[in-house]
Amino acid sequence: METINMNEVITDMLAAMKSSVSHHWKEIKESMQQFLAARKARFELLAELRISGELSQEHFESRLQDEKLIAEAEMQALEVISKAMAQNAANAAIDIFQKAVGAAIKTVL
Amino acid sequence: MVYTKTVKVPLFKPGLLPLGYLLSCILIFSQCRVHLLPEFDSSILEQIDQTAKRVDKFYLELLELDPANIHKRSYSSCSDSYIAIQSELNSLYIKNKIRPLNKNTLSIIEITRNLWIKYKTEHKQAQTLTNGIIELNRQSMEELFYTMRIAEKVKKQ
């Protein structure tokens, strides 16, 4: 049975990502490496099933669509993380302001 | 004849006027918190964990069955589990739909539910599943529940 060198494929996938984002590569390189590392086992299995014929071309393409949906779900989670960080930062700033005003009032009274 | 007399009561003495504004500010800011996400809900996190465990167990049990025995791996032999898990996902969807500021989490649950229904339908059509497909489904679902869990847990302050 044909095999696939997944490390080589992952390197090629990273190269494709790099060329598509050009100038922003440095900012997202680490995230993209993690993105692919998390999928490596599933991509290996997917390739194995297609090569062995366990998955038809139609089902293989359907599974690639599923991978896009899973990636979309992860982007949604990243957005929640960003919002939580922004929310915590803004509330921390308001707390400091509130304490500063409270302290100023104590000195006036 | 009835005489009326209006007495003006000053809210703040002239010197204390800025202090009044300050107190008002304090009152306003004590109510003012930035909300970009709904409050963390431990019962929802618990339900996500329980559903994830149930899905994982479902696929692991399927893997244990002899692949040569088509009847044991048939859709009809496990349709009850499919429906019970779909019902849990529906429940998670409804509980999250009524929470304000929750569109991201709702979208994750919707993707998970749609893929669960898709895999259920594929099993129903094929009547049986190979080890490879079961493992692929298990890994995809594991990833989605992990994502869902992160999206809820991060709301904890």
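This is a predicted model: local features need pLDDT of at least 70, side-chain atom pairs count only at pLDDT 80 or more; totals for chains, interfaces and linings use all residues.
**Exercise 1.** Does Arg39(A) count as buried or exposed, and at what relative accessibility?

Residues are numbered from 1 along each chain as its sequence is written, chains are lettered from A and ligands numbered from 1 in the order in which they are written, and side-chain values use heavy atoms, with hydrogens and water left out.

*Solution.* Start with the cut-offs: buried means under 20% relative accessible area, exposed over 50%, partly exposed in between (1.4 Å probe, protein chains only). Arg39(A) has 1% relative accessibility, so it counts as buried. Finally, look around it. Leaving aside neighbours within four places in sequence, Arg39(A) is in contact (heavy atoms within 4.5 Å) with Glu67(A), Ile70(A), Ala71(A) and Glu74(A).

**Exercise 2.** Describe the interface of chain A and chain B.

*Solution.* First, the residues: chain A and chain B put in 39 residues each. In chain A, Arg63(A), Val80(A) and Gln87(A) lose the most area to chain B, together 18% of what that side buries. Then the area: the two chains bury about 3,500 Å² between them, 64% of it on carbon and sulfur atoms. Buried area here is the accessible area (1.4 Å probe) lost on putting two parts together, summed over both.

Now the charges. There are five salt bridges between the chains, each needing a side-chain nitrogen of Lys or Arg within 4 Å of a carboxyl oxygen of Asp or Glu. Asp95(A) forms a salt bridge with Arg33(B), with the closest N and O atoms 2.6 Å apart. Last, the helices: H2 and helix H3 (57-108) of chain A each supply at least two residues of the side of chain A that touches chain B, and H3(A) gives the largest share, 30 residues.

**Exercise 3.** Which residues have the most contacts inside the largest nonpolar core?

*Solution.* Such a core is a set of buried Ala, Val, Leu, Ile, Met, Phe, Trp, Tyr and Cys residues joined through side-chain atoms within 4.5 Å. The largest has 48 residues, and Phe58(B), Tyr59(B), Trp116(B) and Met141(B) have the most contacts inside it. Helix H5 (131-153) of chain B is one of the contributing helices, and H5(B) gives the most to this core, with eight residues.

Notes: Helices (H or I, at least four residues) and strands (E, at least two) are DSSP runs, numbered from the N terminus.
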